[in-house]
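After that, we'll walk through it together, one part at a time.

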Amino acid sequence: TNDSDELAFGVGGGGGRGGAPACPRARTPSRPSGRSRLLDRAAGGADLPAAARSAQVSPALAMPGGSPSRFVSQRVLRETQGGGGAKVWAEIMKLSAAPNVVSNLGQGFPDFEGTKLARDTAVSIIQNDVKLNQYSLVPGTTRIRKALLDNWNASAPAATDAKLSIEENIMVTTSGTEAIYSAFQAIVDPGDEVIVFQPFFPWYIPAVRMAGGVPVCVTLRSPTFAIDFDELRAKFTSRTKAVIFN
């Protein structure tokens, strides 16, 4: 959905029968909202190479079959039309399947199977702990968050002063991509700038833009790929919200 789009929900009791009347039918604005127009300006990003800029998409763009694109949000259309992380991932997967390719370093696919301990433990849980068949807490089960915190406390530098807790500081996601997307949705407002070092993980830029942010790139150059701190300082503005360190 775009900002200001309205959604219709069935709110009657008993699975939609009886109770309160349903919400009014949805209406689609005839023009992009203020935030969408801001995304139009931000979509290209600052100092991004051409391949990393998302395309500007007209609201009248047709979808396959000729139906209007009013059913797809403008920010998603921008990302899909511009290629984005999905296109890069597809290209990497295709290249990794070519003859004589030893390993796919793009996604970190290992060329060996998981440990027997991990596989046996997973099978045991599935077979024997039948109560683990429902949704967990949103941030993850208490048991896994405690295990993660214990591991952090055992490996963190001794000088670390921060006192972390499983309630405030630990969250489990299904992938790094989900974690990145969720983090930017939580901290980035439209027009905020996020500094990204390139080469970068392909999902950084789409995640920033989908939150309404503006990616600002600092290039790491061979052979050392060291940070040029003078260039980094020059990228900071009053709109800088975050810097991504990988």
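Predicted model: local features only at pLDDT ≥ 70, side-chain atom pairs only at ≥ 80, totals over all residues.

What pattern does the protein chain follow when it is read along the sequence? It goes α-α-α-α-α-α-α-β-α-β-α-β.

Take the contacts between residues at least 6 apart in sequence: 52% of them join residues at least 24 apart.

Now to the strands. They make an open sheet of three, in the order β2-β1-β3, and the pairing is parallel. β2 (214-219) and β3 are the edge strands, each with a single partner, so one side of each has no neighbour in the sheet. On average, neighbouring strands here are turned by 25° against each other, direction ignored.

Let's zoom in on β1. Its parallel pairing with β2 runs over six bridges. Ile-195, for instance, has Val-216 as its bridge partner in β2, and Phe-197 stands opposite Val-218 of that strand. Is β1 buried or exposed? Six of its six residues are buried, so the strand is largely enclosed by the rest of the structure. Glu-193, Ile-195 and Phe-197 point one way from β1, while Val-194, Val-196 and Gln-198 point the other way.

That brings us to what is packed inside. In soluble globular proteins, nonpolar side chains tend to be buried together. Here, the largest nonpolar core has 12 residues, including Val-194, Val-196, Phe-184 and Ile-244. Four elements each supply at least two residues of this core: α7 (176-187), β1 (193-198), α8 (204-210) and β3 (240-244). The largest share, four residues, comes from α8. Ala-207 is one of the core residues, and leaving aside residues up to four places away in sequence, Ala-207 touches Ile-180, Tyr-181 and Phe-184. There's also a second, separate core of six residues, with Ile-195, Val-216, Val-218 and Leu-220 among them.

Where do you find Pro-199? It lies in the loop between β1 and α8, and a cis peptide bond joins Gln-198 to it, with omega about 10°. Another cis peptide bond runs from Ser-222 to Pro-223, this time with omega near 5°. Pro-223 has its place in the loop between β2 and α9, and that is also where Phe-225 is found. Phe-225 has a phi near 55°, a positive value in a residue other than glycine. With a relative accessible area of 42%, Phe-225 is partly exposed.

Our last stop is helix α9 (residues 229-235), which holds Asp-230. This residue is exposed, with a relative accessible area of 60%. Which side chain does the side chain of Asp-230 make a polar contact with? The partner is the side chain of Arg-233, at 3.1 Å.

Methods:
Residues numbered from 1 in each chain as written. Heavy atoms only, no water. Core = buried A, V, L, I, M, F, W, Y, C linked by side-chain atoms within 4.5 Å. Buried < 20%, exposed > 50% of the residue type's maximum accessible area, 1.4 Å probe, protein only. Contact = heavy atoms within 4.5 Å. Pairing = 2+ DSSP bridges. Axes fitted to C-alpha atoms, helices over the stretch in contact; angles between N-to-C directions. Polar contact = N/O pair within 3.5 Å; in protein donor to acceptor, adjacent residues only side chain to side chain.
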